[in-house]
Amino acid sequence: MLHGRKVLLVIGGGIAAYKCLDLIRRLAERGATVTPVLTRAATEFVTPLSVAALAGDKVYTDLFDLTDEAEMGHIQLSRAADLLVVAPATADLLAKMATGQANDLATTLLLATDKPVLVAPAMNVRMWEHPATQRNIATLKTDGVRFVGPNDGNMACGEFGPGRMSEPLEIVSAITAALADGPLNGKHILVTSGPTHEPIDPVRYIANRSSGAQGTAIAEALAALGANVTFITGPADAERPKGVNVVEVQTAQQMLEAAKNALPADAAVFAAAVADWRMANAVNSKIKKDGSGSMPSFEFAENPDILRTVSQMTDGRPQLVVGFAAETDDVLANAIAKRERKGCDWIVANDVSPETGIMGGAENAVTLISDSGQDTWERMSKIEVSRKLSAKIAEALS
Ligand code: CTP
């Protein structure tokens, strides 16, 4: 699957560098050629000898190591690969990349390359969440850099949260997606998916029956056509799609923030079943029965409409915005009105009445509504709907 593909792997100086040994092995098993470059700090975590043994190639360690400049200069080295991968991408490396520094071999290669770049961040959770790191990430995304991870988890420093480097197989999937030859190469597409959970109190929430299956399948189909996909998901049952940048959220407000952070994008597909309302008076303590037999009274507030917000952006609106219309009555009429009201380009209408088995099921029956009219597709699997929709998106963006 990666036969003949050339990956230049920049290994940064973090404890997660040890995972790169397994990453190199997995890539080699799939037929890729890996050229490793270690930053000076990385050599404190893995030895050039073990990296070279697994890669079966020379290991480059810093700019002045290129005594063989005549044989393979840094410019050539940065362009001979099909893809540059930075793993682990430390906060320091991300900062240097975002500001265009080139003060060692790794950063020089990253600045000199004309090839796509994928980074797998790994750092302490506070460093990840720091506004400076988040600013650098936003800059790099705008520059077209792809991200995989980080994951949530226990970290070597003893804290818990986002910052753990993705596992080698997750990075392999992201590399495969980044190298996918397809009509969506070079396009960034945002996909929202799953339900949102709106807290009532610490133990209860408002939710819906969305499994996230349709959004997940769309993200995978777009990635298979070569797109760089940012997948923003609520707490869905569906397994997360492979080879995409996954952003986990809980509430509609968080989903809106994540969507804004993911822009710019060439297209956006809003497949999430966003809760229309949240509690206006959510509380931090569990609501208890008071013995009177009376129900607590809840006040609701309307959630932001993410699809409408993005569709109606005057600055930075994706070229193509696709919404879904989940309806139980007057499906087409409601969907047509919804498209107008929200201002999106296309709307995918589906009947989510319980008897259709669509919500939470494996199949979908949709009508695509656009400026050019209505196109009703026969009932098919959500995967086939996704492939067909992705092919149409590729056509529209070409
Ligand atoms: N949507 C959104 N943000 C919301 C609500 C909906 O982004 N707060 C998006 C959905 O992802 C979907 C489209 O809007 O693409 C339509 O969602 P749907 O639930 O069908 O419609 P509603 O906006 O809830 O409208 P209505 O209450 O009239 O059904």
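Some housekeeping, everyone. What you see is a predicted model, where local features need pLDDT of at least 70 and side-chain atom pairs count only at pLDDT 80 or more, while totals for chains, interfaces and linings use all residues. Residues are numbered from 1 along each chain as its sequence is written, and side-chain values use heavy atoms, with hydrogens and water left out.

Let's start with the sheet. It is open, has eight strands in the order 12-11-8-13-16-17-19-20, and its pairing is mixed. Strands here are DSSP E runs of at least two residues, helices are H or I runs of at least four, and both are numbered from the N terminus; two strands pair if DSSP finds at least two bridges between them. Strand 12 (245-248) and strand 20 (373-376) are the edges, each pairing on one side only. From one strand to the next, the twist averages 15°. Angles run from 0 to 180 degrees between N-to-C directions, with axes fitted to C-alpha atoms, for helices over the stretch in contact.

Helix 12 lies across strands 16, 17, 19 and 20, at about 150° to strand 17. Contact means heavy atoms within 4.5 Å.

Now, the ligand. It is surrounded by 15 residues, and the closest are Phe-270, Ala-272, Phe-324, Lys-338 and Lys-342; a residue is near if one of its heavy atoms lies within 4 Å. By class, that shell holds nine nonpolar, one polar and five charged residues. Nonpolar covers Ala, Val, Leu, Ile, Met, Phe, Trp, Tyr, Cys and Pro; charged covers Asp, Glu, Lys and Arg; the others, Gly among them, are polar.

Strand 16 gives the most to the shell, with four residues. For the backbone, a polar atom of Ile-306 is 3.0 Å from a ligand nitrogen, and a backbone N or O of Leu-307 lies 2.8 Å from a ligand oxygen. A polar backbone atom of Ala-326 is 3.0 Å from an oxygen atom of the ligand. Polar contacts are N or O pairs within 3.5 Å.

Notes. Polar contact = N/O pair within 3.5 Å; in protein donor to acceptor, adjacent residues only side chain to side chain.
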